[in-house]
Every structure is written in structure tokens, then in C-alpha cells.
Amino acid sequence: MLAFLLAKPTQFDAPFFRWMHEHRQDTPFVVFYWQPVGNSADTDSETGASLSWGIDLLNGYPWQQADPANPVLFQKTLRKMGVRYMICNGWKKGFKLLIKAARRQRVPLGLRIDSVAWGKSKLELDFRRWLLAKAYHPFSQFYSAGTITDQYLRLMKIPSMRWRRWPYCTDIDFFKKTPEQEAEAEALRAQWGVEQTPVFLGICKWVPRENPLELLQAFIGLNNPALQLIMIGDGPLRPQMEALRDQHPHLKIHFPGYAPYVSLPGWYALATVFVHPASYEPWGVSVQEAMAAGCFVVASSRVGSSYDLLLQGVNGFQYRAGDTPVLIKCLQEVLQLDPVAMQQFNEEILAKWNYESVAAGLVLPETTF
């Protein structure tokens, strides 16, 4: 029996667990959530807004509530279920007692991680390596989100023989452009007055970390009334965003606000290019969502997935985070790329970064404890 230990259900992991339950019956598993599930609506820590995913995060796979304050019961549960390996989703102090309970039960542990070294000096990294040495000690394997996390693991002096890959995959079929998604896109086009010309799309929180102002400034820098910008999201930067938009009424800039997760395929189907301008995003699953929908992608160098999923000049561009003039150039040049080559590459790369490849890597380590 394989176990996963997560803080709470997410829109990224629940579809994968459903897929595992349906397609990998040779790998029985259970998911433990160590934060209370279903007691209240999720609140975004950066914007303070309530989150409503619009999809069921708890049905279609086996899960249980784990109580961090009752490690004895958790140990008994692991023993009763015959758990032979447990993968923890990120290291958190909140589940420390549950980790100890698993070790008392002699269950080997893996750690899923998406940490990056961006913005950290050598001194900071040395201190982090010393500080986390004890926290990382119980884990026999480390599941890296991608190339940028591999670099972090290398700096943490964790041997590469202990690395495995667990990227933040997406439900490709959910985001793939279908007649239904195209019909939804046409309804959105009519609702917001979006013309039949190229559309740049941004989907992000309007907070400094996700840097929506850079995308807005770059689109304004293009100064092309024939192009359109749609920015999905909300947050504390809204007053600045609206003030900047209102200074350029000749440009087609749409701010539809926050969009429920279930409506995102329609927005992607409407877009020509998806832009992810974040100044710090260790992975960025929206890149995969956009690629599944058949979009070109332009992403900053601080979006981790851009290192693994983008091929410069084929399905989009990566630009140096914070370099608005280069972003403007990328927005100009991406519209000249071949959509057939883009679609082919998107399909090829997503076929490697998918649920099947993740499941193949979830194996019991040779050293069991």
C-alpha cells in the first residue's frame, strides 16, 4: 500500500489521484490530509479572497483525515492498512509528529518538493542546507518538480541517485480545445466584446509575486490597437492596474476579474498566446494548461516550468524576469511563429509530462528504511 500525505486537497492533485485510482489498480494507495477537510472554504493567503474551484476534490479516490495531534492513531492506521511507503507533499512543521509516527512504524518516506534557489545568496543556501539537514534526513527519495528544483537539490547536497521526478501535471483532456470549449470561448467573446484578432491572456493573482503589471506594461508598450489583452485575476494591485489601463483607452484591454477554475478552459480556448510574467513561481502549472489548450506561451525566467516545457522560437519564448523591453519583443515575435509546429511540440512535451510518467516513478525505494 502506497500513501500520500498532503495538507489539503488541491485542483492539481485530486485529478491525478482519480486517474491513479482508475488506471493504476496495480498500485493501491490512500491519501491522507493533515489539515481539516471540508470545514470551511479555502482562502488565498496572498489575496485574502475565498477560493471556489468548482470541481470535486474529494471523490473518485481513497482518502482519510489524519490528525497531527494524534500520531498514535496515525501509526495504528498505517499498520492496519499495510502502508509500505509514504510520499509527503512538501516539508511542513505541521505534520512533523505524523512523520515520526511513520518512522516508528518503519515506513520509508519520500518528499515531493518544488523549492528553488532563486534570490538566495551562497550564505543563505549554506544556512538552509545546515538548517534543513535534520528535516530532510527521514526521506529516502526526493520528488523534484523539474529542472530548477533539481538545481536546488544539488545545492542541498542531496545525491542525484535519490532524485525522482514528480511534476505538477494537469488534466490535459480537461483543457484540450474541444467543440464545447470553443463554444464557451465564443460565449465569452460575445460577453466581453473580444474581437477576432490575436489575444494575449494572463491568468494570475494581482500581487507583486505574480507581477501582472509587467504584462500590462508590455502590452501597452506594443501600442497596437489590433491586438487584445485579457487579464484574469484580482488582488491588491487592482487600483494600479485599472489606472494604467484607463490611461490608454485606444487599446483593447479586458479585466474580467476572478474566474472559477472550471471556466478556465474557455478562456484558454479564446487565447492565442498565454503569458506568465511571475517574478517568483517555482513551477507554474498554468503553462501546461495553456499548452494543452493549444496556446503559444511566453513566460519569465522565474517560472520553473518554462525551463522544461518551452522550446525557444517553437512553442513560445522565455524572457528574463523584469526585462519589459525583451517581453515586448517576445510578444511581437511569438505571433510570427508556426502554429502547426507549436501544436506538435506541445503535444510531444505534454506526453512526457503527464500522469503516466508520474505514476511510473512512484516506486518503493530499494533501501526501505
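Visitor: Which residues are linked with Lys122 in a network of salt bridges?

Guide: Asp126 and Arg129 are linked with Lys122 in that network. A salt bridge here is a side-chain nitrogen of Lys or Arg within 4 Å of a carboxyl oxygen of Asp or Glu. Two notes on the source: this is a predicted model, where local features need pLDDT of at least 70 and side-chain atom pairs count only at pLDDT 80 or more, while totals for chains, interfaces and linings use all residues. Residues are numbered from 1 along each chain as its sequence is written, and side-chain values use heavy atoms, with hydrogens and water left out.

Visitor: How many salt bridges in the whole structure?

Guide: The search finds 14. One of them joins Lys252 to Glu195, with the closest N and O atoms 3.9 Å apart.

Visitor: What does that pair tie together?

Guide: Lys252 lies in strand β10 (residues 252–257), and Glu195 lies in the loop between α7 (179–192) and β8 (199–203), so the bridge ties together parts 57 residues apart in sequence. Helices (H or I, at least four residues) and strands (E, at least two) are DSSP runs, numbered from the N terminus.

Visitor: What does Arg238 pair with?

Guide: Arg238 meets Asp234 in a salt bridge at 2.9 Å, N to O. Arg238 also meets Glu242, at 2.6 Å. Arg238 and Glu242 are four residues apart in helix α9 (residues 238–246), so about one helical turn separates them. An α-helix has 3.6 residues a turn, so residues three or four places apart point the same way.

Visitor: Are Cys169 and Cys295 buried or exposed?

Guide: Cys169 is buried, at 5% relative accessibility. Cys295 is buried as well, at 1%.

Visitor: What else does Cys169 do? Which cavity does it line?

Guide: Cys169 lines the largest cavity. Others in that lining include Phe12, Asp13, Arg112, Trp166 and Tyr355. Helices α1 and α15 each supply at least two lining residues. The cavity's volume is about 50 Å³.

Visitor: How is a cavity told from a pocket?

Guide: On a 1 Å grid over the protein atoms alone, a cavity is a set of points where a 1.4 Å probe fits but cannot get out. A pocket is an open set with protein on both sides within 12 Å along at least five of seven lines. Lining residues have an atom within 4 Å of a point. Grid points are joined across faces, edges and corners, and a volume is the space filled by probe spheres set on the points.

Visitor: What about the second largest pocket? Which residues are closest to its centre?

Guide: That pocket has a volume of about 400 Å³. Of its 21 lining residues, Thr170, Asp171, Ile172, Asp173 and Tyr355 are the closest to the centre. Helices α1 (13–23), α6 (172–175) and α15 (355–360) each give at least two residues to the lining.

Visitor: Why call α8 largely enclosed?

Guide: Nine of the 11 residues of α8 (residues 212–222) are buried, so the rest of the structure largely encloses this helix. Among the buried ones are Pro212, Glu214, Phe219 and Leu222. Just after α8, Asn223 takes a positive phi of about 50°.

Visitor: Last one. Where is Phe127?

Guide: Phe127 is in helix α4 (residues 122–136). At 48% relative accessible area, Phe127 is partly exposed.

Notes:
Buried < 20%, exposed > 50% of the residue type's maximum accessible area, 1.4 Å probe, protein only.
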